[in-house]
Amino acid sequence: MILVTGGTGYIGSHTCIELSRAGFEVVVLDSLANSSSDVVGRLEQLTGKPTVFYEGDVRDEALLAKIFAEREVTGVIHFAGLKSLSDSLRDPLAYYSSNVAGTVAVLKAMQVAGCRTFIFSSSATVYGAFQAMPVNEDSVCAPITAYGRTKFHVEQMLSDLQASDPAWGIVSLRYFNPVGAHESGLIGERPLGTPANLVPYLAQVAAGERSALKIYGRDYETRDGTGVRDYVHVVDLAKGHVAALQHLARSRGHLVVNLGTGRGTSVLEMVNAFERASNKKIACEFTDRRSGDVDVCVADVSRARDLLGWSAEHDVDRMCIDAWRWQSMIDA
Ligand code: NAD
Ligand code: UD1
């Protein structure tokens, strides 16, 4: 059985479906700090199986001990954590507590239970600015926010842990820009308040909930002056976790892997793709650059292909079609 922390969240819920499709049994632990219990029923609907769900915090050591005592957990995929860059600068202790101390608690419980297979949700944000693109996993990391540093600290802790006990098999997955939703329209990303990220914002403009997209900067060193990113469909990303788990069935160590498509898309190209998907005109206005943004961030995906046998399948048109279907379902 695979314990999925943060399993009712955006990426975790899609991963539960792909795990189930691949024949794994799943147990979910989530505090519902940034997700809804509705997702549990949706997962049951999509997998055709009951979802074993524990509501609680990953820092709750007694709860972790109870889960490991009650379930035969053979591996953990650890999504639970906080993810807003701006909040992490306002309240770094909340981020270190949830993301670093939370991970320590999970690893300790695993150690006691004798479970040594762990997959960690890391982020391309660990690379920071000033990288040659496409960026590979051996590049020197220099995260520029508290959030990014929590991810990098955990990766380093995982290397130390694995060096102390070679029985551990660990994969840290550095996600690029996860977007899109499940094709059923039943699960997707539900941002609270004003979306900080491009695709959820585009979806709300297309739905008439916001008047215009503000494009942050038109003077970047890119083909049309707007920022270029490596958007990856959340279902492809979910399948990357299954591939990582299958990799850990045959080897130990701590492997760090980028999950992206290797292709960059500019903000204006993404606006066009969303207009095609939604059949709506999207009003845009150019504003100043957002602080901390880089010109281009694209993954070197050769390690994922060579070591995990994983490559993303969906293009940005499909990402926007699925994001738009999800937006239309939540508005219905
Ligand atoms: P999400 O907020 O949708 O999911 C995280 C889930 O964890 C939520 O359901 C939340 O309720 C739960 N949670 C938070 N703190 C918890 C705690 N202390 N105990 C138990 N549950 C807790 O976010 P997501 O987009 O699905 O991201 C999942 C992971 O991937 C996070 O660790 C995030 O940092 C990482 N990540 C996300 C992105 C992205 O763009 N979405 C990019 C890179 C990395
Ligand atoms: C952001 C985070 C990153 C995180 C990623 C995925 C920052 C600086 N970085 O990355 O750490 O891993 O989300 O969650 O926040 N854009 C607009 N208008 C908008 C929103 C975005 O023009 O309203 C532009 C941005 O300038 C950027 C592109 O769209 O060029 C993508 O932005 P976003 O979706 O926020 O992702 P990142 O900035 O790559």
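This is a predicted model: local features need pLDDT of at least 70, side-chain atom pairs count only at pLDDT 80 or more; totals for chains, interfaces and linings use all residues.
**Notebook: a helix crossing, a sheet and one tyrosine**

Residues are numbered from 1 along each chain as its sequence is written, chains are lettered from A and ligands numbered from 1 in the order in which they are written, and side-chain values use heavy atoms, with hydrogens and water left out.

**Entry 1: the helix pair**

I took helices (H or I, at least four residues) and strands (E, at least two) as DSSP runs, numbered from the N terminus. Helix H7 covers residues 198-206 and helix H11 covers residues 316-331; their axes come within 10 Å and cross at roughly 55 degrees. That angle makes H7 oblique to H11 (under 35 degrees is roughly parallel, over 145 roughly antiparallel, 65 to 115 roughly perpendicular, the rest oblique). Axes here are lines fitted to C-alpha atoms, for helices over the stretch in contact, and angles run from 0 to 180 degrees between N-to-C directions.

Which residues make the contact? From H7 I noted Val 199, Ala 203, Gln 204 and Ala 206, and from H11 Ala 323, Trp 324 and Gln 327 (contact means heavy atoms within 4.5 Å). By class I get five nonpolar, two polar and no charged residues (Ala, Val, Leu, Ile, Met, Phe, Trp, Tyr, Cys and Pro are nonpolar, Asp, Glu, Lys and Arg charged, the others, Gly among them, polar).

**Entry 2: the sheet**

Next I traced an open sheet of seven strands, in the order S3-S2-S1-S4-S5-S6-S11, with parallel pairing (two strands pair if DSSP finds at least two bridges between them). S3 (52-55) and S11 stand at the edges with a single partner strand each, so one side of each has no neighbour in the sheet. The twist averages 20 degrees from one strand to the next.

I then went through some pairs. S1 (residues 2-5) and S4 share four bridges, and Thr 5 has His 78 of S4 as its bridge partner. Helix H3 (residues 61-70) packs on the sheet, touching S1, S2 (26-30), S3 and S4, with its direction at about 165 degrees to that of S3. Helix H6 (residues 146-164) also packs on the sheet, touching S5, S6 and S11, at about 155 degrees to the direction of S5.

S4 (residues 75-78) joins S5 over three bridges, where Ile 77 partners Ile 119. Seven bridges link S5 to S6 (residues 169-175), and there Ile 119 stands opposite Val 171. S6 and S11 also pair over seven bridges, with Ser 172 partnered by Val 256.

**Entry 3: burial in the strands**

How many residues of S5 are buried? Seven of the seven in residues 117-123 are, so S5 is largely enclosed by the rest of the structure (buried is under 20% relative accessible area, exposed over 50%, partly exposed in between, with a 1.4 Å probe and protein chains only). Thr 117, Ile 119, Ser 121 and Ser 123 point one way, Phe 118, Phe 120 and Ser 122 the other. In S11 (residues 253-259), six of seven residues are buried.

**Entry 4: Tyr 220**

I found Tyr 220 in the loop between S8 (213-216) and S9 (228-229). Its relative accessibility is 5%, so Tyr 220 counts as buried. Leaving out residues up to four places away in sequence, its contacts include Arg 289, Arg 290, Asp 293 and Asp 295.
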